[in-house]
Amino acid sequence: MAAGHLTAALLTPSSSPVLAVGSTVIDLTPTPLKEYAVREFGTRDKPILLATVIAVTLLLAAIAGWLSRKHFAVGVVFLLVLVALAGAAALTRPLATLEDLIPAVVTAIMGLAVLFLLVRHPSPKRMRHPMRQAELAEQPMSRRMVLIASGVVASMTGLMAWGGERIIARRTNPGSITLPPPADPAPPLPRGIEQSYRGISRLQTPTDTFYRVDTNLTLPVVSVDDWTLTIDGDVENEFTLTFDELAAMPLVERDITMTCVSNEVGGRYVGAARWLGVPLTALFERAGVGTKADQILSTAVDGFTISTPLDVATDGRDAMVAIGMNGKSLKAEHGFPARLITPGIYGFVGATKWLTKLTLTTYAKETAYWTDRKWATDAPIKIASRIDTPRPLSTIDAGRVVIGGVAWAQTRGIERVEIRIDGGPWQPTRLGPDVGVDYWRQWYQFWDAEPGRHMLAVRAIGADGEVQTPVRATPFPAGSSGIQEIVISVR
Ligand SMILES: Nc1nc2c(c(=O)[nH]1)N[C@H]1C(S)=C(S)[C@@H](COP(=O)(O)O)O[C@H]1N2
Ligand SMILES: [Mo]
């Protein structure tokens, strides 16, 4: 497996047996199980998945070894079937080519070699009659030989896996590239209240702590020199841009808060950043949108797809193909070199990372990854608020404390945020600076905390008058709702 991983690292990382099997598991996971994993494991879901794939493989490989001690051929067939499954997983990835089978072939050859080394170690006799099973039992490998052989295999495995990981990390990390300044810059970001009231989320989420959600076990390898963006489908002039051509178009800079549909009440899958990009409307103007399209089908370099309602993306909001985030080019994790950003709708319907194609089409004709898994097609972000401080279940000292957090109602803006202490009346809070309707709003309030256990709740009221509902909804299929209520102890 490590040899296959190393081979894939040099060719196409996603064709690595471990990664291909893991990705196939992700794609085949039923929605309720996926929801459970996201809820229970959060961003550790990927390492846990990979660890499981590796553990199960080791177990199955052990069975292959055990089988082959009795009947070598049976062990060989078992091992080959396992590797064939990994090869099939690699071949059925979107955009896979025959070349993606190579890591599986290497895995098979290496697997057989190891099996042969460990089970059918060459002895002078066996060299002459390699297929004579009976001799195996007569001449077991000495304990010392077993230890040496296992040690060699284990260290080679570690070395190859480590090498593969290093190569993948280097190939998928593009480094920062210089971008032209915006033709339409955002005003300077006001000072947030996070420095005055510790524990409240920063007004702008730093890129390295910005949440990451995608189906990718491994980041795509994208070279900015080869990358292109194509606009096609129901348009008058289909066209393709290189990165430099895209970056040469007039760029806008906007502060936008993104939210993931998987965000639970009080969750962390939300982040606020400054995005630099080309407005979708500019690209569509150049393409000349036809009359039939009602959907923008965006495709990522790895074949992943997202559907965005055309009327939503073009209703005047700042939807864009973003190439910059917080003053730098996009990081690999966030979609280098270009991604879609659509304010006001959840990421899974409007924030395609590693974007390479925008196809104007219809919902009747084309479906995308999440639509195929029964998630909503149109998913406006629900008004929400979060308590950042004090932390749930924390113990704090009695006296004057600050309760604070963030609230968001993209495309509408936040009018008020209210808190409730121990089930009492809703009380007003003070708001942080206003960065626009698509941005979250920091909020805080002082509270004279008395010893004991207390319940704190928060709700937001939108500029359109909508009051955040206490009615609970799960993230599936169109985003969670409900009011966050936390318990804390005061001593
Ligand atoms: N290519 C691709 N783009 C994607 C996804 C994905 O799985 N693949 N996930 C989407 C989801 S569900 C969200 S919430 C946002 C998250 O963007 P971020 O990781 O930069 O925060 O990206 C969206 N774009
Ligand atoms: Mo998401």
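Start by selecting Asp388: with a relative accessible area of 2%, Asp388 counts as buried because the cut-off for that is under 20%. Keep in mind that you're looking at a predicted model. Asp388 and Arg386 form a salt bridge, and their closest N and O atoms are 2.8 Å apart. Side chains of opposite charge can pair when their charged atoms come close.

Next, pick Arg459 and Glu418. Their side chains make a salt bridge, 2.8 Å from N to O. Arg459 sits in strand 18 (residues 452-462) and Glu418 in strand 14 (residues 414-421), so this pair links distant parts of the chain, 41 residues apart. Both Arg459 and Glu418 are buried.

Stay with strand 14 and click Arg420. Its salt-bridge partner is Glu485, with the closest N and O atoms 3.4 Å apart. Glu485 is in strand 19 (residues 484-490), so the pair ties together parts that are 65 residues apart in sequence. Is Glu485 buried or partly exposed? Partly exposed, with a relative accessible area of 35%.

Now for ligand 1. Show the 20 residues that surround it; among the closest are Tyr211, Thr215 and His334. Look for an oxygen atom of ligand 1 that is 2.7 Å from an N or O atom in the side chain of Arg339. The protein covers 99% of the 540 Å² of accessible area that ligand 1 has on its own.

Last stop: the surface. Select Met145, Ile148, Val152 and Met156, which form a nonpolar patch there. Ile148 belongs to helix 9 (residues 143-172).

Note on methods: Residues numbered from 1 in each chain as written. Chains lettered and ligands numbered in written order. Predicted model: local features only at pLDDT ≥ 70, side-chain atom pairs only at ≥ 80, totals over all residues. Heavy atoms only, no water. Near = heavy atom within 4 Å. Polar contact = N/O pair within 3.5 Å; in protein donor to acceptor, adjacent residues only side chain to side chain. Areas by Shrake-Rupley, 256 points an atom, 1.4 Å probe, with all protein chains shown as cover. Patch = residues over 30% accessible without salt bridge, like charges linked within 9 Å, V, L, I, M, F, W, Y side chains within 5 Å. Salt bridge = Lys/Arg side-chain N within 4 Å of Asp/Glu carboxyl O. Helix = DSSP H or I, 4+ residues; strand = E, 2+ residues; numbered from the N terminus. Buried < 20%, exposed > 50% of the residue type's maximum accessible area, 1.4 Å probe, protein only.
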